[in-house]
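Subject: Structure handover

Hello,

Here is the structure I promised to pass on. Please open it alongside this note.

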Amino acid sequence: MGDMTRTEAGTGTGRRVSEARERLLRTAGQLFYTEGIHTVGVDRLVAESKITNATFYRHFRSKEDLAVAYIGSVDQAVRAQVGSLMAAEVPPDGILRGIGASLVEQIRSPGYRGCAFLNAAAEFPDPDHPVHRAVVQHREWFLRTITGLFAEITAAQSEHAGRHFVMLRDGAMSAGYLGDPVPAGETLLRGIEGLLRIHTARGLDEHTASAPGQASSAATTVSVSDIECSPPSA
């Protein structure tokens, strides 16, 4: 909101600064994604955005601040996509399938260079770095969202199902860039279908186990719930 009260040269309505910032962010997004954050310098960002150095530093204290904003813009785009699926009044399994289909479309799109979040985390491995933290915050939100959708199907093992889905997503996005995106997308969709089938059956087992005279099913459910999504302790 504050950007609309300032101008690039101190005159006018303030619209030019807002447009310059958005143009810079769009340019940075394209270059950071295709070439990497570290390899793109401020001089190139300024030149290709057709702005001045003064305008750049008026909006961002450093290139790393711009990188955080870039990650934030990708995060908002993903949230908007998921939000539109959730607003469509489809059941949770349909939303999860829709997320999978959206990922496949991205993997198979021209110019695909892998996951923007994983790429950025690889460039900024320090967990205390603002870019790394921005990536982690997005992934925490995504995991919570996916887990919540599985929990709507059944609460049993929903956290494990959510983690499984995110791992399928990460693997597919890497495989789609490093190899053939077509089988990577197909494998992702098959994996999601299998995960949904198992999770839905788990919910039916929980329902059956809670009914009178179904103690044996309850015992089976307890053994499944003991599975952990982390390596054993040394």
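Below is what was found, from the overall fold down to single residues.

Overall fold

First, a caution: this is a predicted model. The protein has ten helices and zero strands. Read along the sequence, the pattern is therefore α-α-α-α-α-α-α-α-α-α. Of its 234 residues, 38% count as buried. Take the contacts with a separation of 6 or more: 64% of them join residues 24 or more positions apart.

The core

The largest nonpolar core holds 52 residues. Those with the most contacts inside it are F32, L45, F56, L66, I99 and F165.

The biggest share comes from α7, with eight residues.

Leaving aside neighbours within four places in sequence, L45 touches L24, A28, L31, F32, V40, F56, K63 and L66. F32, F56 and L66 are, like L45, among the residues with the most contacts inside the core.

Helix α2

Which residues of α2 are buried? They are V42, L45, V46 and S49. Seen down the helix axis, these fall within an arc of 95°, so they line one face of α2. An α-helix has 3.6 residues a turn, so residues three or four places apart point the same way. The face of α2 turned away from the buried side carries the exposed residues D43 and A47. After α2 comes K50, with a positive phi, near 60°.

What does the S49 side chain pair with? A polar contact of 3.4 Å joins it to the side chain of T27. A polar atom of the S49 side chain also lies 2.7 Å from the backbone oxygen of L45. Not counting residues up to four places away in sequence, S49 touches R23, L24 and T27. L24 is also in contact with L45.

Helices α4 and α5

At what angle do α4 and α5 pack? The angle is about 145°, and their axes are 9 Å apart. On the α4 side, the contact is made by Q81, V82, L85 and M86. On the α5 side, it is made by I95, G98, I99 and S102. I99 is also one of the residues with the most contacts inside the core. The crossing of α4 past α5 is right-handed.

Helix α6

The buried residues here are A116, F117, A120 and A121. They cover an arc of only 130° around the axis, which puts them on the same side of α6.

A161 in α8

A161 is found in helix α8. Is A161 buried or exposed? At 2% relative accessibility, A161 counts as buried. Leaving aside neighbours within four places in sequence, A161 is in contact with F150, L195 and H199. A161 and L195 are 34 residues apart in sequence. In space, their C-alpha atoms are 7.1 Å apart.

Best wishes

Key:
Residues numbered from 1 in each chain as written. Predicted model: local features only at pLDDT ≥ 70, side-chain atom pairs only at ≥ 80, totals over all residues. Heavy atoms only, no water. Core = buried A, V, L, I, M, F, W, Y, C linked by side-chain atoms within 4.5 Å. Buried < 20%, exposed > 50% of the residue type's maximum accessible area, 1.4 Å probe, protein only. Helix = DSSP H or I, 4+ residues; strand = E, 2+ residues; numbered from the N terminus. Contact = heavy atoms within 4.5 Å. Polar contact = N/O pair within 3.5 Å; in protein donor to acceptor, adjacent residues only side chain to side chain. Arc of directions from axis to C-beta. Axes fitted to C-alpha atoms, helices over the stretch in contact; angles between N-to-C directions. Left-handed = near helix turned anticlockwise from the far one by under 90°.
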